[in-house]
Amino acid sequence: MAEEEIKKGLAGVVVDYTAVSKVNPDTNSLLYRGYPVQELAARCSFEEVAFLLWNGELPNAEELAAFTARERAGRRLDPVVKQVVDAIPTTAHPMDVCRTAASVMGARHELSEDSSREANMAKAVDLFAAMPAVVAYDQRRRRGQDLVEPRDDLGYSANFLWMAFGEESVPEVVDAFNVSMILYAEHSFNASTFAGRVIMSTLSDLHSAVTGAIGALKGPLHGGANEAVMHTFDEIGIRPEESLEEAATRAKAWMEHALEQKKKVMGFGHRVYKHGDSRVPTMKAALDKMIAHYGRPELLGLYNGLETAMDEAKGIKPNLDYPAGPTYHLMGFDTLMFTPLFVASRITGWTAHFMEQLDSNSLIRPLSAYNGAEERHVP
Ligand code: ACO
């Protein structure tokens with residue numbers, strides 16, 4: 001087979017239709033079920049966006065009330081899942097905890113062997129409702145803190161922050177978190193969604209597909225990049241006493257050196273977007289608000305310095321993980337928890353895709369070109 005016929009990494013290959021979202025790299029636009037993601041982030045709660053991704057339409061007031069009640073009723077951490085989480089050493093990455101929790105939730109689900117649309121929708125909502133408790137508790141146990149029970153008088157984002165920090169967050173912080181959840185929710189056939197669609201295409205179950213997708217998201221070339229961005233900031237050195245300009249100068253020098261060494265710098269570049277990630281301006285605006293709220297201009301200096309130096313040297317633009325990392329840092333999340341936050345959000349898009357896959361299924365099974373040893377025989 002000719003080398004050019006092999007589409008390494010499936011780059012540029014269109015595998016199937018989807019009605020969940022549309023990524024247009026030429027116009028840097030992203031639509032969820034037809035709605036621009038920027039509009040959703042400005043005007044909707046994450047609960048409304050989750051409903052939209054699953055049902056194709058935004059909820060009316062009655063639908064939203066029913067959906068919200070259902071989500072609030074499913075927030076408590078299952079004591080068995082808690083026991084399993086407690087059995088995982090804190091030396092393990094929190095993504096291992098998420099992956100294991102999703103698997104246990106599947107094995108314990110009352111509809112585990114039922115893959116009807118109704119059962120899958122119920123499983124999706126259950127995962128959406130329960131995953132924040134796993135992520136929040138995992139961060140707390142690593143800090144030697146106790147579980148914080150959910151509050152059913154708070155929306156999804158406010159409650160998530162409550163369970164993580166044991167105190168109510170101010171509206172500005174809740175809004176920025178809500179924006180990050182909406183932006184992370186869905187992005188067509190990205191690696192984790194595709195991995196899950198492959199699993200679903202074998203007629204396996206929804207929790208297995210989510211578990212596999214979490215494994216794919218863990219990698220630094222995908223979701224793990226938001227965490228890696230913070231490691232870069234840490235390596236350069238976060239100095240709250242420094243001015244914006246001083247921080248920018250140090251960051252620029254760091255980037256120039258990294259690129260001389262041919263390093264891949266996480267948080268930059270994208271397989272689909274080559275002129276900038278459609279989600280970045282909205283997330284950057286949320287980061288700017290957090291920088292102002294917490295009074296940390298030096299972080300903006302680091303951000304600007306890296307971005308400018310990368311643009312000047314290679315013309316490569318930041319992706320969503322770049323502004324998301326420092327935003328979560330400012331909110332008080334530990335760096336290791338950033339990708340699990342992405343999981344909590346992406347469960348919505350993943351499961352919308354997995355149900356879509358089942359609705360018009362064909363086993364995903366590509367071909368390979370053999371380049372191993374010629375046929376030979378045991379001596
Ligand atoms: N830092 C330095 N150079 C880069 C970067 C980067 N982050 N991204 C791309 N390049 C360079 C490559 O070295 C390559 O240069 P070359 O042609 O001189 O060899 C060229 O740009 C093309 O890069 P590829 O990796 O081949 O592009 P691809 O489309 O396969 O990669 C990817 C996309 C994997 C996202 C890449 O840009 C990358 O590794 N970025 C860092 C990881 C990251 O931030 N991932 C998050 C993705 S978004 C998300 O999950 C929300």
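Which backbone has a polar atom 2.8 Å from a nitrogen atom of the ligand? I looked this up and found Phe268.

Before going on, I noted that this is a predicted model, where local features need pLDDT of at least 70, side-chain atom pairs count only at pLDDT 80 or more, and totals for chains, interfaces and linings use all residues. Residues are numbered from 1 along each chain as its sequence is written, and side-chain values use heavy atoms, with hydrogens and water left out.

**Ligand.** I looked at polar contacts (pairs of N or O atoms within 3.5 Å). A side-chain N or O atom of Lys264 sits 2.6 Å from a ligand oxygen. For Asn319, a side-chain N or O atom is 2.8 Å from an oxygen of the ligand. On its own the ligand has 910 Å² of accessible area (Shrake-Rupley, 1.4 Å probe), and the protein covers 68% of that.

I then listed the surroundings (a heavy atom within 4 Å). There are 22 residues around the ligand, with Lys264, Val265, Gly267, Phe268 and Asn319 the closest.

**Helix pairs.** I took helices as DSSP runs (H or I, at least four residues). Axes are lines fitted to C-alpha atoms over the stretch in contact, with angles from 0 to 180 degrees between N-to-C directions.

H11 (residues 225-236) packs on H15 (residues 321-331) at about 70 degrees, and their axes are 8 Å apart. This pair is therefore roughly perpendicular (65 to 115 degrees).

My other pair was H5 (residues 94-108) with H6 (residues 117-142), at about 140 degrees with axes 10 Å apart.

Note on methods: A polar contact is a pair of N or O atoms within 3.5 Å; within protein, one must be able to donate a hydrogen and the other to accept it, and residues adjacent in sequence count only if both atoms are side-chain atoms. Helices (H or I, at least four residues) and strands (E, at least two) are DSSP runs, numbered from the N terminus. Angles under 35 degrees count as roughly parallel, over 145 as roughly antiparallel, 65 to 115 as roughly perpendicular and the rest as oblique.
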